[in-house]
Amino acid sequence: MRYADDMVVCCRTAAEAQAALAEVASWTQAAGLKLHPVKTRIVTAAGLEGFDFLGYHFQGYQDGRGTKYPRQKSHQKLRDTLAPKLHSGRSGSIPTIIQEINKTLKGWLGYFKYSRPSALRSIDQWTRDRLRRILRRRQKRHGMVKGRERSAYPNQWFEMQGFYSLITAQAKWIQSSTGNY
């Protein structure tokens, strides 16, 4: 599989993988290119180690089944994008802030909707906690978000404010794509 300058070669045996690596190395060298020494490696996709490709992490693939989820770098990039919009001293109403971050969340889910559902839960929780931190600060309270904020502002409260939950949106997409209306 190849996309731009990224490539994954799938083989059935370790010997095939070694031969394929040698062939790709000679092909890239003939083209005046070099394989990245750290990123180029042979892994067993059926194992727990897995590999990263195009923002996803693939692992446990055997007989066409396995898991894929956004790699840690993809999670961090999303958080780095959302953090300036969700700093604790942020002004504006919560529905306005939510409307602003929803655009980023929808775009991110558009690409990562093929992930296992549990992989998106941490992003939803992190985003809601950042919103709770804004609310906590507005109440002249400092420090970490604790149980008090989670019970005062449950997940459903944010959904009523228009929050785009990745878990909920992915579940609807899965339901519509499988035909289970």
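**View 1. Met7, Val9 and Trp27 make up a nonpolar surface patch.** Areas here follow the Shrake-Rupley method with a 1.4 Å probe, and for residues only the protein chains shown count as cover. Patch members have over 30% relative accessible area and no salt bridge; like charges are joined within 9 Å, and nonpolar side chains (Val, Leu, Ile, Met, Phe, Trp, Tyr) within 5 Å. A salt bridge puts a side-chain nitrogen of Lys or Arg within 4 Å of a carboxyl oxygen of Asp or Glu. Trp27 belongs to helix α1 (residues 14-30). Helices (H or I, at least four residues) and strands (E, at least two) are DSSP runs, numbered from the N terminus. Trp27 is partly exposed, at 47% relative accessible area. Buried means under 20%, exposed over 50%, and partly exposed in between (1.4 Å probe, protein chains only).

The model is predicted: local features need pLDDT of at least 70, side-chain atom pairs count only at pLDDT 80 or more, and totals for chains, interfaces and linings use all residues. Residues are numbered from 1 along each chain as its sequence is written, and side-chain values use heavy atoms, with hydrogens and water left out.

**View 2. Cys10 and Cys11 without a disulfide.** A search of the whole structure finds 0 disulfides (pairs of cysteine sulfur atoms within 2.5 Å). For Cys10, the nearest cysteine sulfur is that of Cys11, 7.3 Å away. Cys10 is exposed, at 58% relative accessibility. Cys11 is partly exposed, at 33%.

**View 3. Leu54 has a positive phi.** The angle is near 55°, in a residue other than glycine. Leu54 sits in the loop between β3 (51-53) and β4 (56-62). Its relative accessible area is 30%, or partly exposed.

**View 4. Lys140 also has a positive phi.** The value is about 65°, although Lys140 is not a glycine. The loop between α4 (118-138) and α5 (147-152) holds this residue. Lys140 is exposed, at 71% relative accessibility.

**View 5. Trp108 and Phe112 form a tilted aromatic pair.** The whole structure has 9 aromatic pairs. In this one, the rings lie 4.6 Å apart centre to centre, with 40° between the planes. Rings of Phe, Tyr and Trp (its six-membered ring) pair if their centres lie within 6.5 Å; planes under 30 degrees apart are stacked, over 60 edge-to-face, and the rest tilted. Both residues lie in helix α3 (residues 94-112), 4 residues apart, about one turn. Trp108 and Phe112 are both buried.
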